[in-house]
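These are my notebook entries, written while I went through the sequence and the 3D structure side by side.

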Amino acid sequence: MQHEVIGQYLPKRPRVLIAEDHTGVAKSVCRVLALDCEVVGTIADGSAVLEAAQRLEPDVIVVDLNLPHVHGLEVCRQIKQVKPEAKIIIFSAMNEPDVTQRSFEVGASAFVTKGTGDLLSTIKRLCDDRG
Amino acid sequence: MKAGPGRGFPRVALTGLLLLAAASSEAQQVAPQVLLLQSVDRGNLPVDQFTGNFRVELDQRLETPANVVQVVVGPTGLIGPSEPAVFDFIRSMFVGRPKPDLIVTVGGPAAVFARNYRQQLFPDTPTLLASVDQRYLGDAPLGQNETAVAAVNDYARVIDDILQLLPQTRQVFVVTGSGQIAEFWQRELQDSFQRFHDRLTFVWFDDLPFQETLRRCASLPDNSAIFYLRFGTDATGAAYADDRVFTELHARANAPLFAGLSVYLGAGIVGGSLMSIDELARTSADAAVRLLNGAAPTSIRVPPQLVGQSVFDWRELERWGIPESRLPPGSMVRYRPPSLWQQHRVTVLSAVGVVAVQSLLIVGLLHQRRARRRAELHSREHLALAADASRRQTMSALTSSIAHELGQPLTSMINNAQAGRMMITANRATPDTVCEILSDIESEGVQATQIIDRHRTMLRGHPLDMKTIDLHVVIHESLALVAHDMRARQVEATVNLSSNPCIITGDQVLLQQVFVNLVMNAMDAMAETPPARRRMTISTEVRAAVAEVSVRDAGTGLPAQIDGTLFTPFVTTKAHGLGIGLAITRTIVDAHGGTVDAHNNPEGGATFTVTLRRSDRPVKILAGPPSAA
């Protein structure tokens, strides 16, 4: 699902792809990232994320765990197989240790718990590391 | 038997029979001879009843029945000219025959006659003056060969009775008939009635023809009473039997009738203190037997008989509106119509028996129904408690899902708030943008509230609450509860609901519990199924009388070892299951009058089907529309 890009403030803003099936969450994430990032797309179906990631060349991919059809961890694993350099943030309300552990095992760069407000800072940190 | 030829006293009637004249000599030797002198001819109720009873009583007391010769001395027998004729007749009867062993007189005139002529007729024969009013004996003491069974007829007491029963009485009409006996009694009674003259006026019907007596009795003034003493003959000399007199008098009189003798009770008098004729007959028979057995008359002195207990005729009391409360204490009331009990005792007993049995049955059935209701109430309470426990367990299993599900709108709200703050800080916020953000926050808050409400409903204690509900709404709500868990378990659900309305009478929360249980059971069954094949289909089919809800999964199917015990409590194949989910499911469905079945699918997995009766009540949806998940 493609959402409105609210603003383009920084000249070198990170390109972010959002994989989130909850419309409200996806929209609100877009708003938060709008000033500092370029949201290149939002995907609600797990089976479509890999293709979008290849096509849109995002700097960071934000992946919800409970995606329809293909689970978030599987999405992460598939992207990392194709694009090992991809920065993937697992974005989930479930912050149990085993989930976090499994996220890193499949190649995630970071795990952000929903509702903490840490997503933008994490994206910036990952991009700064890259830069 | 007629009077002897040439005797010339047609008014003297020999009504008795000289019995056994041609009988064997042996019988004649042993049978006592009794000469019975009656005061008046047949038709006088007191004399007739006394004579009949006396003879029966006498025969009962004698070893050999007596030969009784009855002679009527006649209504003119006091001092009238026919007395010598009667005397001659009697004497002629016994010429050449044994003299009577006993003379018995009945009534006053006969007693007077006997005392006048006994010495000339049978001076040695003992005489019993029976049933004679004390007044007829006068001052003359009983002779050596005489004894008496006298009666003290207290007719003033009859007047007392009248005044007690009918205190408003002002006139008493006295019926005496005509002739010498009537004159005798009028003289006697006028003296004894003297004490009533300040309250009552006495009118003597002694000089009237019978029809005139009837006519006057039919139109007596108010507050009148009739005292019937006797009748016999009217002013024209015509004789009338008491039966006829009483029948006509009773039929025509417009005032209540009173009398002093027991024989008139039942014939039309109200009643009162009555002289018992039956008692006089018994006492007289006793005395007669003693005399026949040789006892000296002087040795037999019977106290004069007084009036007996007050007796009344219920029919007359009713006729004249006399309340029983006015009767003297200890009074007897006769001729009361038999009660329902007396008339239909067997029927009443049967009816009472049937009613009693029916009552017992009804009481038993009521008790049974109450017990059943109590049991049903307890059952419902137990069902509610068990369902509450099971539901809480289910919802506990969904806790992480609930947190995650609630996390979605909360995340959105936090993100939106954060974005708004950043925009304002960066001076990039426009009113439209801020308004849109706030609107999103609001809708997400509503969504969070709905999630909380849905779960809180399922966690709350819940008594059975049957209402008309839409089963499709119940299914949507149930799926909303498990939607996140379903996504987390990578189960894809297909919902295929009938387009027909699916209205039933049921408890929304308990039925949600049923479908949540079945869906979670299906998800559990597909835990080992590859994610790509974790398919579940929830479908409904609406038939004429029932609605079916099926939950079909692609899991491991029903294990054979629990076949038949699938819905039994504590039977489970799950490592961490208590085995109460399906048991509660069936209990809830049972409480709705429905059924739940399960079978394995040919292609694998199992299908659970809940069948519920459709409601025939008017559709009034009490459950809300399905809320967004």
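**Entry 1: a helix pair.** I began with helix α17 (residues 508–525) of chain B and helix α18 (residues 581–591) of chain B, which pack at an angle of about 145 degrees with their axes 9 Å apart. The axes are lines fitted to C-alpha atoms, for helices over the stretch in contact, and angles run from 0 to 180 degrees between N-to-C directions. Helices (H or I, at least four residues) and strands (E, at least two) are DSSP runs, numbered from the N terminus. I noted that α17(B) passes α18(B) in a left-handed crossing, a term used if the near helix is turned anticlockwise from the far one by less than a right angle. From α17(B), B:L510, B:Q513, B:V514, B:N517, B:L518 and B:N521 meet residues of α18(B), among them B:L582, B:I584 and B:I588. By class, this contact of α17(B) with α18(B) has seven nonpolar, five polar and no charged residues. Here Ala, Val, Leu, Ile, Met, Phe, Trp, Tyr, Cys and Pro count as nonpolar, Asp, Glu, Lys and Arg as charged, and the others, Gly among them, as polar.

**Entry 2: how I read the model.** The model is predicted, and local features need pLDDT of at least 70, side-chain atom pairs count only at pLDDT 80 or more, while totals for chains, interfaces and linings use all residues. Residues are numbered from 1 along each chain as its sequence is written, and chains are lettered from A and ligands numbered from 1 in the order in which they are written.

**Entry 3: where the chains touch.** I looked up the contact between the chains, which takes 23 residues from chain B and 19 residues from chain A; two residues are in contact if their C-beta atoms, placed from the backbone, lie within 7 Å. On the side of chain B that touches chain A, α14 (399–425), α15 (431–459) and α16 (471–488) of chain B each supply at least two residues. Of these, α14(B) gives the most, with 15 residues. By class, that side of chain B has nine nonpolar, ten polar and four charged residues.

Entry 4: Most residues other than glycine have a negative phi. I found that phi of B:N223 is near 60 degrees, a positive value, and that phi of B:N427 is near 55 degrees, also positive. B:N223 is in the loop between α8 (210–217) and β8 (224–228) of chain B, whereas B:N427 is in the loop between α14 and α15 of chain B. Because B:N223 has 13 C-beta neighbours inside 10 Å, B:N223 counts as partly exposed, while B:N427 is exposed, with 6 other C-beta atoms within 10 Å. A residue is buried if 20 or more other C-beta atoms lie within 10 Å of its own, exposed if 12 or fewer, and partly exposed in between.

**Entry 5: the largest core.** The largest nonpolar core has 86 residues, of which B:L37, B:I226, B:Y228 and B:F258 touch the most other members. Such a core is a set of buried Ala, Val, Leu, Ile, Met, Phe, Trp, Tyr and Cys residues joined through C-beta atoms within 7 Å. Its largest share, seven residues, comes from helix α10 (residues 277–292) of chain B. Domain 1 (25–151) and domain 2 (155–274 + 307–337) of chain B both give residues to this core, so the core lies between them; the domain bounds come from an automatic or database domain assignment.
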